[in-house]
Amino acid sequence: MLDNSELLALIKERVCYIDLVYQRVNTKLKVDLSRAEIETLVQAILGDQQAMLKKRGKNYYVTSLARHTRLTINSFNFRLITADRI
């Protein structure tokens, strides 16, 4: 079983995106970021040593208090589902 930092590193390496998620992230976070900026934000959150990771059902929830953001990532295919302000 992987510890949280190892699991975050694995998610960071494998996270993937679909076209719809970029628009969803911009809408939910109330920002207007490019695809590259969204991917950079996600990588920064996943690389944050202070990020908290929870698995509920089929999803991982990665929370960054520093960025006031929670990522929802599918635990089977590592696809980013959404990002929420916290």
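Biologist: Is His 68 buried, partly exposed or exposed?
Modeller: His 68 is partly exposed, because its relative accessible area is 46%. Partly exposed is the range between buried (under 20% relative accessible area) and exposed (over 50%), using a 1.4 Å probe and protein chains only. This is a predicted model, where local features need pLDDT of at least 70 and side-chain atom pairs count only at pLDDT 80 or more, while totals for chains, interfaces and linings use all residues. Residues are numbered from 1 along each chain as its sequence is written, and side-chain values use heavy atoms, with hydrogens and water left out.

Biologist: Where does His 68 lie?
Modeller: In the loop between β2 (59-64) and β3. Strands here are DSSP runs of E with at least two residues, helices are runs of H or I with at least four, and both are numbered from the N terminus. His 68 has a positive phi of about 50 degrees although it is not a glycine. Most residues other than glycine have a negative phi.

Biologist: What about Phe 78, buried or exposed?
Modeller: Phe 78 counts as buried because its relative accessible area is 10%. It sits in the loop between β3 and β4 (80-85), with a positive phi of about 60 degrees.

Biologist: And which residues is Asn 74 in contact with, sequence neighbours aside?
Modeller: Beyond four places in sequence, Asn 74 is in contact (heavy atoms within 4.5 Å) with Lys 58, Asn 59, Arg 79 and Ile 81. Asn 74 belongs to β3, residues 69-74, and counts as buried at 10% relative accessibility.

Biologist: Switching to the sheet. In what order do the strands come?
Modeller: The order is β1-β2-β3-β4, in an open sheet of 4 strands with antiparallel pairing. Each of β1 and β4 has a single partner strand, so one side of each is left without a neighbour in the sheet. Two strands pair if DSSP finds at least two bridges between them; β1 and β2 have 5. Val 62 is the bridge partner of Leu 53 in β2.

Biologist: What else does Val 62 contact?
Modeller: Away from its sequence neighbours, its contacts include Leu 8, Ile 45, Leu 46, Leu 71 and Ile 73. Val 62 is also among the members that touch the most others in the largest nonpolar core, which has 22 residues. Such a core is a set of buried Ala, Val, Leu, Ile, Met, Phe, Trp, Tyr and Cys residues joined through side-chain atoms within 4.5 Å.

Biologist: Which residues of α1 are buried?
Modeller: Leu 7, Leu 8 and Ile 11. They fall within an arc of 100 degrees seen down the axis of α1, so they line one face of the helix; the arc is that of the directions from the helix axis to the C-beta atoms. Their cover includes α3, β1 (52-56), β2 and β3.

Biologist: What follows α2?
Modeller: Lys 30, with a positive phi near 55 degrees.
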